[in-house]
Amino acid sequence: MKVFLFVFTIVCSSLMYSQENTKEAYVITEQISEFPDGGSQNFRKLIVNNFREKKVKGEGKESCELKFVIERDGSISNITANGSNESFNKEAIRAISKIKTKWIPATIDGQPVRYRFRIPLNLDFN
């Protein structure tokens with residue numbers, strides 16, 4: 001019975017580690033995620049095209065940092081924006097959420113992995 005419990009514990013702990021590892025998002029990979037059709041420059045243009053400046057209330061210069069995860073299938077998830085202007089943060093999240101083009105996922109050992117990505121955004125009201 002003790003041997004069974006020992007083996008059962010090892011199997012369960014390895015399953016828990018495996019599940020936790022699949023949820024991890026990497027920053028350093030062998031091949032980083034790439035946006036098709038023009039790379040990150042085209043991705044930034046799509047954000048700008050989707051962005052509605054009139055929805056943002058503020059003065060002077062505003063900035064925020066968009067963070068998101070590129071999933072194994074190339075879709076975008078876990079979008080957050082960090083900045084002092086809440087209306088700017090909300091509009092930045094909305095603008096990136098409108099982009100449905102899938103990324104080429106990052107890889108490690110030839111296998112697609114989740115990849116953490118960030119983009120700084122600036123807006124000048126002057």
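**Stop one: a buried glutamate**

Start with E91, which counts as buried because its relative accessibility is 4% (buried means under 20% relative accessible area, exposed over 50%, partly exposed in between, with a 1.4 Å probe and protein chains only). Before going on, some housekeeping: you're looking at a predicted model, where local features need pLDDT of at least 70, side-chain atom pairs count only at pLDDT 80 or more, and totals for chains, interfaces and linings use all residues. Residues are numbered from 1 along each chain as its sequence is written, and side-chain values use heavy atoms, with hydrogens and water left out.

E91 sits in helix α3 (residues 86–97) and R52 in the loop between α2 (39–50) and β2 (61–70), so to speak a link between distant parts of the chain, 39 residues apart. Helices (H or I, at least four residues) and strands (E, at least two) are DSSP runs, numbered from the N terminus. R52 is partly exposed, at 38% relative accessibility.

Next, select R94. Its closest N and O atoms with E91 are 2.8 Å apart, another salt bridge. Both residues lie in α3, 3 residues apart, about one turn of the helix. R94 is partly exposed at 23%. Shared partners join R52, E91 and R94 into one network.

Pick D73 and K102, whose side chains meet in a salt bridge at 3.5 Å, N to O. D73 is in the loop between β2 and β3 (76–83) and K102 in the loop between α3 and β4 (106–108), so the pair ties together parts 29 residues apart in sequence. D73 is partly exposed at 46%, and K102 is partly exposed at 44%. The salt-bridge count comes to 6.

**Stop three: the largest pocket**

Which residues line the largest pocket? Select R44, I47, V48, F51, E53, F88, P120, L121, N122 and L123. By class, that lining has 7 nonpolar, 1 polar and 2 charged residues (Ala, Val, Leu, Ile, Met, Phe, Trp, Tyr, Cys and Pro count as nonpolar, Asp, Glu, Lys and Arg as charged, and the others, Gly among them, as polar). Colour by element and you'll find that β5 gives the largest share of the lining, 4 residues.

How values were computed:
Salt bridge = Lys/Arg side-chain N within 4 Å of Asp/Glu carboxyl O. 1 Å grid on protein atoms, 1.4 Å probe; cavity = no way out; pocket = protein on both sides within 12 Å on 5 of 7 lines; lining within 4 Å.
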